[in-house]
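Trainee: Could you take me through one part of this model in detail? I would like to look closely at the nonpolar core and the rings in it.

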Amino acid sequence: MECIYIEVLAPMAGITDGTFCRGLLTYGFDMVTLGGYNVDAATINAGQKILARGRPEFDVAEEEFINHIQEQTVLINDQDFWNGMISVNLRSIMPEPIIEISKLKTVDVVEINAHCRQPEITDLGCGQELLNNPSHLEKFVREVTKKAKSQVSVKIRANVPDVDISKIITAIEHAKSDYVHVDAMKPGFDHADYDLIKKSARKLPCSL
C-alpha cells in the first residue's frame, strides 16, 4: 500500500476552534482539527471542573453541540482557496455522541480521544485511560467505525507507563479506524520518540 503523508493541525483543548483553524489555513494544512471537545454530560461536567482550576477547555452545552460544530465548520469552509478536511476530536464515555457528530456533512473525520490525561477525564474511563483496556478500546472504536458517516481517527498517547503501544495500535487497526494519531512525545526530551514512530510505521500499512 502506498503511504500518503498529509499535514494535519492537531487539536488543543480550549484553543483550536473554527476561528483559530481558519487563521492557520494559509500554512498549507491538508486537515485541521477542532477540539478536543467533551460531548456527553459526564465529560462536559469534567471539562467544567478542569476550567475551574484554570486549564483551557471548551465549554459547550450538550444540547448545543451539533449547532456549535456546524458553526465552527462554516467558519473554516468559508474560504475559497482552501479545500482540505475537517476533523473533530471528541471525548465521550460512549460511542453514540461521536457517531452523531460524524453525520454532519461538513465533518470529514471524527477523532476518538484516547489521549487526554487530565484526571477529571481519566476518572471517567475516557481519554488516556482507554489505553489501559485495549479490548474495551477496540470495542468502542469498532462501534464508531460501524456506524459513522465520516472517516474515523483515534488519538493516542505514547510512552504511557504499563501500556504496550503495539497492542493498542493492533486493537485500533482491528476496529477498522481510518487513522491512528500518535502523540509521540518522549518524557524528558525536547523531541519526539523517533524509535516509536518507526515501530508504529512498520506496524501499520500506512502511518501518518
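Mentor: Happy to! The largest nonpolar core has 47 residues, and those with the most contacts inside it are Val32, Tyr37, Leu90, Val144 and Ile156. A nonpolar core here is a set of buried Ala, Val, Leu, Ile, Met, Phe, Trp, Tyr and Cys residues joined through side-chain atoms within 4.5 Å. Buried means under 20% relative accessible area, exposed over 50%, and partly exposed in between, with a 1.4 Å probe and protein chains only.

At least two residues of this core come from each of S2, H3, strand S3 (85-91), helix H4 (96-102), strand S4 (109-114), helix H6 (134-147), strand S5 (151-157) and H7. Helices (H or I, at least four residues) and strands (E, at least two) are DSSP runs, numbered from the N terminus. Apart from this core lies another, of five residues, including Ile50, Cys116, Ile121 and Cys126.

A word on the basis: this is a predicted model, where local features need pLDDT of at least 70 and side-chain atom pairs count only at pLDDT 80 or more, while totals for chains, interfaces and linings use all residues. Residues are numbered from 1 along each chain as its sequence is written, and side-chain values use heavy atoms, with hydrogens and water left out.

Now to Tyr37. Not counting residues up to four places away in sequence, Tyr37 touches Asp17, Phe58, Val60, Phe65, His68, Ile69, Gln72, Val88, Asn89, Leu90 and Arg91; contact means heavy atoms within 4.5 Å.

Next, the rings. A search of the whole structure finds two aromatic pairs. Tyr37 and Phe65 form an edge-to-face one, at 5.2 Å centre to centre and 80° between the planes. Tyr37 lies in strand S2 (residues 31-38) and Phe65 in helix H3 (residues 65-77), so their pair ties together parts that are 28 residues apart in sequence. For the cut-offs, rings of Phe, Tyr and Trp (its six-membered ring) pair if their centres lie within 6.5 Å; planes under 30 degrees apart count as stacked, over 60 as edge-to-face and the rest as tilted. Both Tyr37 and Phe65 are buried, and ring pairs link Tyr37, Phe58 and Phe65 into a cluster.

Val32 leads us to Cys21, which touches Leu9, Thr16, Val32, Thr33, Leu34 and Ile76, again leaving out residues up to four places away in sequence. Cys21 lies in helix H1 (residues 18-23) and counts as buried because its relative accessibility is 0%.

Finally, helix H7 (residues 165-174) has Ile165, Ile168, Ile169, Thr170, Ala171 and Ile172 buried.
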